[in-house]
Amino acid sequence: MKLMKKTGSGSPGLGIFIILLSIAAGTYFWMDSVSPAQKEKITRLEGLSDRLRSETVPVKFMILSREPKEASSGACIKARLKLYDLSGKELASLEKSWPGTELFVDMLLMPVASDKDAKKADSWLALPYRVFTDELPASAGTLLFDSYDSAGFPEVLRGADWNAREKESIKEAYLKARKAAGSGLPATDSLKGSFGSAAHEVSSLSKFEEGVVYKVVCRVKGGVEIMED
Amino acid sequence: MADRLSDFMTIIRAVSDAAAFLFTTPVGLAVLGALLLLAALAKLWSVISGRRLAAKAAGEDFGTLAAAGAAFREMAGMGVKAAGALPALAALAAVLVILVGVSDATRKVDEFVAGQKRVAELTATVRNLERRYKAVEARIDDLRDGRILATLSFFDYKDPKAAPRTQSVEIAGKELFIDAIVCNFDYSEIAAGRKVNLAIPFKVFSDEVPESRGISLAILDESGVPYMYRRPAEGLYGIAPDAYAARLSELMADIRTEESARKAGIVRSLYGDAVHRAARKGEAFDVWVEQTGGLSIKELESF
């Protein structure tokens, strides 16, 4: 009876305090354990967001002059193109005239897996393919593959930390594309999953201005975009 | 209420920071020790001065030994008082430890909430950047005498169950080009989900037929809106269907003129993009509008 009385008269405040303290301590340690996981998730998402926006600029060009269409001759565009590697080092320069009014800069996009754990190709490597116009068919355009050859490796992809296996794969794909294009076949025919993207001006909408440098921006997701440099 | 709680937490954190500084850092401990030493010296000085005055008034001698004795007695008294105050000091220490704990815990909760907000923002950004819209599906029906026979399908998102509008094309060549006007908006607009990049396929040509002699595509509805940008009423959020249709028509008209596109200020790039691949009989591929910019081709089997 005495014992029961003693137990019943225990301070409820102390019990509540201990419960609250336990909850607070539990919350504190739970937060402590989830914080690293949360930070890791933020880092991963930031990395993914940056990767999605990552880009390369293998080609820049400038329209030097335009000859309007006349009775005796057709319209003509004169432009200068420069090719760059991944670090932005200039590799080659090309100055030429093409018949037509709209310039097309064609890129070959090859699918690759971003890392060895990726189950399928999720990124694209871009190689400058050819230049043609609205009046010059693509098959008669100026091929660019030979302009950046360095012992079989496409120099426009120099500057990244490729391992030996990746280098070999790139060389092999580049060789196939060159061979196909050199024999008059579409380069996209030689590489499974690849496609071409010919970015160009649209006369009625946004014409490239003479003397302005434009860059061909290739996105890791495969899109090609032309922007003022 | 929230403001009061915030003010209260500010005071708790200030006290907690001060306590943590004074009791856990070498500089804080040095400051605390110096303050205690100064207080003790001031007290001793006061006691010795008082005793000296009292001795002078009584005409007694108050030498160094007497002063040292008075100081010693006072210090012993201080020690006894400090020992008597130990329970109170222990209680104070306990309160300070709890304050620091509460302050740290609320900080961690705040960091966690801010982290969750950041995760939500980044997730939305990544989702918006990863989004893509199918613009055209191309099926190569036949390759005959150096000519490509293909069927192009344009999808109407307003009525996904409806059969896509199709157009058959026949063109000389080995490679099929699908040309589109592409309007890429500023990244901040895309990442925040306020805009989606647009592409209007308008022509088909080939490696042997130049673009100027290509085949025009019929993909606009009666309002001049491409089929793939039409949306069902229940698929629109925060905008009335009529307003969406009107805005879309306006936007489509806008991007057809360079001046209005520039005026909009949010257009990053406006150009033509002819995506292409070698034609193989029986193969099919999709043309997608990427939200990171530009168009891409994916094989149907990939999705």
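1. Buried means under 20% relative accessible area, exposed over 50% and partly exposed in between, with a 1.4 Å probe and protein chains only. B:D145 has a relative accessible area of 75%, so B:D145 is exposed. The residue sits in the loop between strand 1 (132–144) and strand 2 (147–154) of chain B. Helices (H or I, at least four residues) and strands (E, at least two) are DSSP runs, numbered from the N terminus.

2. This is a predicted model, in which local features need pLDDT of at least 70 and side-chain atom pairs count only at pLDDT 80 or more, while totals for chains, interfaces and linings use all residues. Residues are numbered from 1 along each chain as its sequence is written, and chains are lettered from A in the order in which they are written.

3. Most residues other than glycine have a negative phi. B:D145, a residue other than glycine, has a positive phi near 50°. A:A151 is not a glycine either, and its phi is positive at about 50°. A:A151 belongs to the loop between strand 7 (149–150) and strand 8 (153–154) of chain A. Because its relative accessibility is 71%, A:A151 counts as exposed.

4. Helix 2 (residues 12–53) of chain A and helix 4 (residues 86–130) of chain B have axes that come within 8 Å and cross at roughly 30°. That angle makes the two helices roughly parallel (under 35 degrees; over 145 is roughly antiparallel, 65 to 115 roughly perpendicular, the rest oblique). Axes here are lines fitted to C-alpha atoms over the stretch in contact, and angles run from 0 to 180 degrees between N-to-C directions.

5. The crossing of helix 2 of chain A with helix 4 of chain B is left-handed, that is, the near helix is turned anticlockwise from the far one by less than a right angle. Their contact has 17 nonpolar, six polar and nine charged residues.

6. Helix 3 (residues 64–84) of chain B has 21 residues and spans 30 Å from its first C-alpha to its last, close to the 30 Å expected at 1.5 Å a residue. Its buried residues are B:A67, B:A70, B:A71 and B:E74. These residues cover an arc of only 100° around the axis, so they lie on the same side of helix 3 of chain B. Exposed on the other side are B:L65, B:F72, B:R73, B:V80 and B:G84.

7. B:A284 is part of strand 8 (residues 284–290) of chain B. With 8% relative accessibility, B:A284 counts as buried. B:E299 is 15 residues away from B:A284 in sequence, and their C-alpha atoms are 6.6 Å apart.

Methods:
Side-chain values use heavy atoms; hydrogens and water are left out. Ala, Val, Leu, Ile, Met, Phe, Trp, Tyr, Cys and Pro count as nonpolar, Asp, Glu, Lys and Arg as charged, and the others, Gly among them, as polar. The expected span of a helix is 1.5 Å times one less than its number of residues. The arc is that of the directions from the helix axis to the C-beta atoms.
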